[in-house]
Amino acid sequence: MPLKWVFNWQPNAGSTVNSQILNEVSQCVESINGVKEGRWKATLTYYKPMLRDQALAAEFPRDFLGISLPEQPNKYYFILRGHKIVLEADSSIQLIMEKLQSYKSRVALNFEGFQYQLGDFQLRVGKVVPTHSENLRGIVMEVEYLPISSLEKSRQLMEEFVDIWQDAVSKRSLPGHFLHIEPNFSDYGLADHYTSQHTAVQYAHVMAQLIASVQAGQAARN
Amino acid sequence: MLQQHQHHLQSAATAAPPLPPPATSTPPSSTAGEAPPKQVALAMDRLGHAARLIADIRLGADRLLEALFVAAQPHQSSKPLHLFRQEDDSMRQHLQDLRTIGRQLEESGVLNESLRSRSNSWGLHMPLVCPDGAVVAYAWKRQLAGQAGASAVDRTRLALKAFTDQKRRFFPHLDDEQNGQGTDSVSKKHRSSQALLEDNQDNLSDCKTLSDVLTSLEKDMPNLKVLTYERLDWLKRASSLPASANDNTMEVPKHNFHSSSILRPGPQNVVSMDKVAVIELLFPSVFRAVVSLHPAGSTDPDSVAFFSPDEGGSYIHARGSSVYHVYRHITEHAAVALQYFLGIRSETALHSLLHWICSYRSLFTDICSKCGRLLAMEKQSALLLPPVHHPYRTFSPSKASSTQAIASTGDQSCSAPRAYHIGCFSDEA
């Protein structure tokens, strides 16, 4: 399947994310001839173990994530970042978990926004909001190059695209920038050929960055 | 009735009276006071009218037949009879009108060549209806502007222009001789392509058969998968693509071309060379190219198309079009390159084409030789594309295979094939 890079909005020190930035970014995509195509939405859930003795919770993996992706409506992905495990399951697993009551949702976040077509590229810009809330927590962007699936063969091309993109964004003097840090996919047992599991891993890493920058922001304010 | 009148017109045209008919030796009074341009205009008008009448007659004949057919159906009212009578009347009127027009045309000399010898015709000739029905109209352009009479010279000029435009678009390499670029550059190019030809001839003299061409290709390109198919087998293969998501688990295709397999027993897996009509070139993760041969088993390529290695479906064939812009642009460019190779030397066209296709193996890493970037915004479509144009005029298969060897020994300076963005490509390349 086509390869994709996921970006996280990194606000400058002392500034926070707001919906104005989201608007500016969307306009930026249109300025490089992106054509708005439709909406997209992904949902990420942090799970916590339901234990009789909550004190034992520390023995369990801290970040157990589940994510549903729009391109795979029948699948659900689990990631244990600390253990470098990613699993693709049928979407009915969520029903099973509910019945088992072994893990419950701690926090659920939506990534949602618009999708743009730029020739052989597809861009998605989305806000990060908790479900049942309009509180903007972050901004993510997906850049997908449709013709090929090899991460290695496309690296140079994607880097050039990022350069072109950063050029366009820098003209708007926004208080921050998009950051892409590629996870080490081979740690998760993933190959060069791109799959949705790669996407799930990228989102898990994006969440880690997001939390880190929010905590850093809070620490700076305190 | 219809045939009668067509025959009438035709016989009038073929009639070559020994004595000019009295109507033309003393021009009828109606035409005496009119200058030749007006006469020509009138004649064209009448011819047009005649054509319309003939069309009406044809339609009327259809309606008559229809009325007869309806009448043949059971339980019909008097409606068909009424239709028939109506049609009959209008047909008779049309035929009468046609007779009149025919007479007028005859009198004005359209249906025979009797006016050609007239000296006061201002250089104009009356339109002539040829025996096969074609109308040859000669007229002063200025006088008949807006009417049907474009001169033969104009028509020829238009046809030549259309032809030249098409030629320039699809066969740009043939333009060299006609462009006034100066004899130096033209003759230099000619000499350099001659030198390439001589160079190639040594290397390609042993690449006569399809089997030779494919073997030498496999030898030169280690990463390449070359597969051959009979024409119908390709359709089955295309519909089952992509074979799998991962190259490692790709099933061994049924018709794998390996020179060694010809020696192995069990020839059911090998397509016999004289039936090969489709060649598939796959550079994993980069592209899949499909080349069609016509006739099967020959070394004559007739079309080529590029696709994503992940694309699949019955639209994947040598005349098909990828869903991705980058491969569509390469396919367009490849069509021109193919014509060039066929034009230069058709015996080596397949060899050159296949090696030229292989120059795209590093499509997503070769930067443009002009601007030094990988991605550029193509002006017409406003899309970001990698360099999709590889020059074909200066392309030499022997050079291409030797650079492959150099690349493997680590010398990077000349290993990359020359590539250009659409906007950076110029015909001199």
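Here we talk through some of the terms used for this structure.

Modeller: This is a predicted model, where local features need pLDDT of at least 70, side-chain atom pairs count only at pLDDT 80 or more, and totals for chains, interfaces and linings use all residues. Residues are numbered from 1 along each chain as its sequence is written, chains are lettered from A and ligands numbered from 1 in the order in which they are written, and side-chain values use heavy atoms, leaving out hydrogens and water.

Colleague: Why is B:Ser322 called buried?

Modeller: Buried means under 20% relative accessible area, exposed over 50%, partly exposed in between (1.4 Å probe, protein chains only). B:Ser322 has 2%, so it is buried.

Colleague: What makes B:Ser322 and B:Glu311 a polar contact?

Modeller: A polar contact is a pair of N or O atoms within 3.5 Å; within protein, one must be able to donate a hydrogen and the other to accept it, and residues adjacent in sequence count only if both atoms are side-chain atoms. The side chains of B:Ser322 and B:Glu311 are joined at 2.7 Å.

Colleague: Which strands form the open sheet of chain B?

Modeller: Four strands do, in the order 3-4-5-6, with antiparallel pairing. Strands pair if DSSP finds at least two bridges between them; strands 3 and 4 of chain B have five. Strands are DSSP runs of E, at least two residues, and helices runs of H or I, at least four, numbered from the N terminus.

Colleague: Why are strand 3 and strand 6 of chain B at the edges?

Modeller: Each has a single partner strand, so one side of each is left without a neighbour in the sheet.
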